Amino acid sequence: MRVLVTGVKGQLGHDVMDELAAKGIEGIGVDVEEMDITDADACQRVIKEAKPDAVIHCAAYTAVDAAEDNVELCRKVNADGTRNIAKVCKELDIKMMYISTDYVFNGQGERPWKPDDHREPLNVYGLTKYEGEIAVEQNVEKFFTVRIAWVFGINGKNFIKTMLRLGKERGAVSVVDDQIGSPTYTYDLAKLLVEMIQTDRYGRYHATNEGLCSWYEFACEIFKQAGMDVKVSPVDSSSFPAKAKRPSNSRMSKEKLTENGFDRLPSWQDALGRYLKELKKEGQEI
């Protein structure tokens, strides 16, 4: 099997390529230099030359606040770019996996979101990812849409790295406690995605590590596991005014994974522990 992966310089794309290699599957990795997804001709040329059996589309515009001021660029990448890839997958009759987000929902209530729930994005980033979902659904028959949240991996910036840095610099941090969700370790997620792409169990899925927490609880656990004495103060979202509105409810139901015979990801606390060990091994400061 040959799998083309977009966004290989990002946290997830990097880990998906590693997992494909570990499973003896040929991975063809591209980023903007090899294939600018906003260029329809480039998508046609690169994907057709690669002759993949599937595409795992990890590339995205993910600067949530900046998106509010850069609507056209965000849409060009997340919606139009995804459509460009989807059209080639349709033409070649190959599988496409689209990585989406909990931000396609309105973030209200306390019930975990189900994969087929009504989509009502709160911000530009969420809206363009939703438009990307529609582009996939309208063009590709063999598609997986996998929604993830609160992502962390070795390759790139994330909440854990930010907390470790701020904790070291300041010895105290304030973190919001009114947004609830589940962190997602790209190493664990990549294993699931590679398993999924080898099947024909298509459709929309949610995939995060097991267990729920607030960002405040996440931060407390980070410092606890890192053995750092940092004072963490819980605050509500209004203390951190941001351009883009964030969902307060990012709980996502993963029942569909179980129903379709896929293993759920380990607990987020377990994932965090393994991630901190990886950071040490990579020589990144904790």
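## Ground rules

Here Ala, Val, Leu, Ile, Met, Phe, Trp, Tyr, Cys and Pro count as nonpolar, Asp, Glu, Lys and Arg as charged, and the others, Gly among them, as polar. This is a predicted model, in which local features need pLDDT of at least 70 and side-chain atom pairs count only at pLDDT 80 or more, while totals for chains, interfaces and linings use all residues. Residues are numbered from 1 along each chain as its sequence is written, and side-chain values use heavy atoms, leaving out hydrogens and water.

## The second largest pocket

The lining (residues with an atom within 4 Å of a point) includes His 14, Asp 15, Tyr 185 and Arg 274. Helix α1 gives the largest share, five residues; α1 and α10 (268–281) each supply at least two. Helices (H or I, at least four residues) and strands (E, at least two) are DSSP runs, numbered from the N terminus.

## The sheet and its helices

Six strands form an open sheet in the order β2-β1-β3-β4-β5-β10, with parallel pairing (at least two DSSP bridges between two strands). At the edges lie β2 (26–30) and β10 (203–206), each pairing on one side only. Between β1 (residues 2–6) and β3 (residues 54–57) there are four bridges, and Leu 4 has Val 55 as its bridge partner in β3.

Helix α1 (residues 11–22) packs on this sheet, touching β1, β2, β3, β4 (95–101) and β5 (143–148), at about 165 degrees to β1. Angles run from 0 to 180 degrees between N-to-C directions, with axes fitted to C-alpha atoms, for helices over the stretch in contact; contact means heavy atoms within 4.5 Å. Helix α2 (residues 40–50) lies across β1, β2 and β3, at about 150 degrees to β1.

## A helix pair

Helices α6 (residues 159–170) and α8 (residues 215–226) pack at about 65 degrees, their axes 10 Å apart. Residues making this contact include Phe 159 and Met 163 of α6 and Trp 215 and Phe 218 of α8. Ten contact residues are nonpolar, one is polar and none is charged.

Terms used
1 Å grid on protein atoms, 1.4 Å probe; cavity = no way out; pocket = protein on both sides within 12 Å on 5 of 7 lines; lining within 4 Å.
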